Amino acid sequence: MTDEPVEITYADDRRRRVVIFRRPSGSYGYREERHYNNDLAGVEDWASMRGRSCYYEDLETAKREVIENVPWLARPKDG
């Protein structure tokens, strides 16, 4: 079995995204990816930006951690 994407959030420019996924074990994780296009090779795809492993018990915890750890998703703080 492979990791199952459960939520994908794109940056405004659609060149970056965060994929929250569920592992076969039931834990959750996420990866930040960037879009690339190699015209010479005729390849267009997404590449992972970080090699960080993360394990969360539930989806809500994974969502909170993504906001804290991915700068372009962070909400501006008041004050």
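1. **Basis.** This is a predicted model, in which local features need pLDDT of at least 70, side-chain atom pairs count only at pLDDT 80 or more, and totals for chains, interfaces and linings use all residues. Residues are numbered from 1 along each chain as its sequence is written, and side-chain values use heavy atoms, with hydrogens and water left out.

2. **Overall fold.** The chain has four strands and one helix. Their order along the sequence is β-β-β-β-α. Both element types are DSSP runs numbered from the N terminus: helices are H or I with at least four residues, strands are E with at least two. Of the 79 residues, 28% are buried. Buried means under 20% relative accessible area, exposed over 50%, and partly exposed in between (1.4 Å probe, protein chains only).

3. **Surface and contacts.** Among contacts with a separation of 6 or more, 33% link residues 24 or more positions apart. A contact is heavy atoms within 4.5 Å.

4. **The sheet.** Four strands make an open, antiparallel sheet in the order β1-β2-β3-β4. Because β1 and β4 stand at the edges with a single partner strand each, one side of each has no neighbour in the sheet. The twist averages 30 degrees from one strand to the next. Here axes are lines fitted to C-alpha atoms (for helices, over the stretch in contact), and angles run from 0 to 180 degrees between N-to-C directions.

5. Strands count as paired if DSSP finds at least two bridges between them. β1 and β2 share six bridges, β2 and β3 seven, and β3 and β4 six. V18 has E32 of β3 as its bridge partner. Y36 lies opposite D45 in β4. The β2-β3 hairpin has five residues between its strands, and G26 in that turn has a positive phi of about 100 degrees. The β3-β4 hairpin has four, with G42 in the turn at a positive phi of about 70 degrees.

6. **Core.** Which residues make up the largest nonpolar core? The nine are V18, I20, Y28, Y30, C54, Y56, A62, V66 and V70. β2 (16-22), β3 (28-38) and α1 (59-69) each give two or more residues to this core. Such a core is a set of buried Ala, Val, Leu, Ile, Met, Phe, Trp, Tyr and Cys residues joined through side-chain atoms within 4.5 Å. C54 touches R23, Y28, G29 and Y30, leaving out residues up to four places away in sequence.

7. **H35.** This residue belongs to strand β3. H35 is buried at 14% relative accessible area. Its side chain makes a polar contact with the side chain of E44 at 2.9 Å. A polar contact is a pair of N or O atoms within 3.5 Å; within protein, one must be able to donate a hydrogen and the other to accept it, and residues adjacent in sequence count only if both atoms are side-chain atoms. Beyond four places in sequence, H35 contacts R14, R15, E44, D45 and W46.

8. **E7.** This glutamate sits in β1 (residues 4-10). E7 is partly exposed, at 27% relative accessibility. Across the pairing, E7 stands opposite I20 in β2. The E7 side chain makes a polar contact with that of K63 (3.2 Å). Outside four places in sequence, E7 contacts V18, V19, I20 and K63.
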